[in-house]
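User: I have a new model open and I'd like to learn how to read it. Could you walk me through a few features?

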Amino acid sequence: MRKRRVGIITFSDGREFVHKELLEMNKHFEDRLVKALEETGEIEVIRASEIVWKPSLAKKAGIELLKAQVEVTIFNYAIWCWPHLTVMASLFAPGPYLLYGQINPKYPGMVGLLAAAGALEQIGVFPERIWGEPENPEVIGKVLKFIRAASAVNRLKGERYGTFGGRPMGMYTAAANGDQWLKEFGIDVEQIDQYELVIRAEKISGEKRRKGREWLEKLANVIYDGKQLTPEILERQVAMYEAAMEIIREYELDFVGFKGQPEMTNNYATMDVVEAFLNDPYDWNGSKEPIVAATETDMDGALTMEIFKHIAQTPVLFADVRHYFEDKDILDLCNSGTHATYFAGKSFDPEVNLKKVTLYPESFYFPAGGAAVKHFAAPGRVTMARLARQNGKYVMTIVPGEFLELPENEMEKLAKDVQIEWPHAYMKLDTDMETFLRNYPCNHIHGVYGDYTEELVHFCRLKGIEYRILGSQK
């Protein structure tokens, strides 16, 4: 995935003789910050062409970063800097803003940072503030967490969500207001009939169908039963995937949702293969960027996933909160379709993941048949979350925890008790089940490997969204 483009403007004293005297020192502090950011491997740094010490240069620097289309602007302070210069640069440089203070005790850089912060807040601009040595991993980690969230805010702007079909099975939590999305996040919503998938799938060549089927048969375990899953039905699912990719390219969609039930599951085929491999970083045609795909046209679920994708830059899980095994104190997160096979091995290599995947015949109220993409999620720390509306206003519920690896025979037994042919993630919550059930806002849950709680909190603060964390960070 592409690097996050970050702009840096370093400020100086407004007296020319002081600026010149401290110029080389100021440049050195900027160099250290740039080096630390670039060494993360996530950041592309765009520097203003000059250290800013007068209004014309503040305006010039802001315009340079605007033209460079940076996603976040860092205002850098190592000495006393006249605060009106920061305000003038902010009129042009793209936000969100981070005010970064360098450790330089002989010079009042902290004074400059605080004066600039106060000036911005007086005009309604509320920047993040971080102070410390850029070589300190904890400090640069804090910077990186803010940058991830801030870049996610900007990457949502101008995106397009494609919803294939309407509200599924009476789920109010799955349907959102497109006007609200455009106003609050800058996302355009495109309505597409599911029949478009059928029409286009029927036109996909036999060669493309066979290519996908044979790739799946080679890398995964495919169980044909001659009824619910046959080579012909699997090729139909491959064709639907190819049709979906064709529509995504043509309509210039960034993320999508499919209604699926009951029209497709009753009459054509299940969407499991389509949804799983859209969310994956590969398919039978090679490596690709994951495309967030939510089942049951869950708009707020898809939006939560898209935020996660921009923050973590990995595939994102979509699941039902299916069952709680009280004797083991674990949640079974299980859903037909949208578990990317990435979660089977936590790898970007399909051969690593798909050897742990079984394509089962569907058996759950899906008469049209198709392959269910069954696997168990690999173990590891995870951050789960859900963006939901309460009385029309968005609230994010963040749920840290861990995916557990149980003995294989035990996982198979638990899956058989719930839904043997579907994928499962066995999660140990950082909170208790009573707290979770009282506060979690819907039936779908989403997340990624790693601890991204602070990034989600930054995102919510930047967007003015209320948030709650169920459990403590570890």
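Analyst: Happy to, and keep in mind that this is a predicted model. Let's start with surface patches: a patch is built from residues with over 30% relative accessible area and no salt bridge, and nonpolar side chains are joined within 5 Å.

User: Which residues make a nonpolar surface patch here?

Analyst: Ile103, Met110, Leu114 and Trp131 make one of about 330 Å². Isoleucine 103 sits in the loop between β4 and α4.

User: Is isoleucine 103 buried, partly exposed or exposed?

Analyst: Partly exposed, because its relative accessibility is 30% and that class runs between 20% and 50%.

User: How do β4 and β5 pair?

Analyst: Strand β4, residues 97-101, runs parallel to strand β5, residues 128-131, with four bridges between them. To get from β4 to β5 the chain passes through helix α4, residues 109-122, in a right-handed β-α-β crossover.

User: What about the inside? Which residues touch the most other members of the largest nonpolar core?

Analyst: The general idea is that in soluble globular proteins, nonpolar side chains tend to be buried together. In this model the largest nonpolar core has 44 residues, and Leu197, Phe258, Phe277 and Leu278 touch the most other members. Elements giving two or more residues to this core include α7 (195-201), β9 (255-258) and α11 (272-279). Helix α9 supplies the largest share, ten residues.

How values were computed:
Residues numbered from 1 in each chain as written. Predicted model: local features only at pLDDT ≥ 70, side-chain atom pairs only at ≥ 80, totals over all residues. Heavy atoms only, no water. Pairing = 2+ DSSP bridges. Right-handed = clockwise from strand over helix to strand, strands pointing away. Patch = residues over 30% accessible without salt bridge, like charges linked within 9 Å, V, L, I, M, F, W, Y side chains within 5 Å. Areas by Shrake-Rupley, 256 points an atom, 1.4 Å probe, with all protein chains shown as cover. Salt bridge = Lys/Arg side-chain N within 4 Å of Asp/Glu carboxyl O. Buried < 20%, exposed > 50% of the residue type's maximum accessible area, 1.4 Å probe, protein only. Core = buried A, V, L, I, M, F, W, Y, C linked by side-chain atoms within 4.5 Å.
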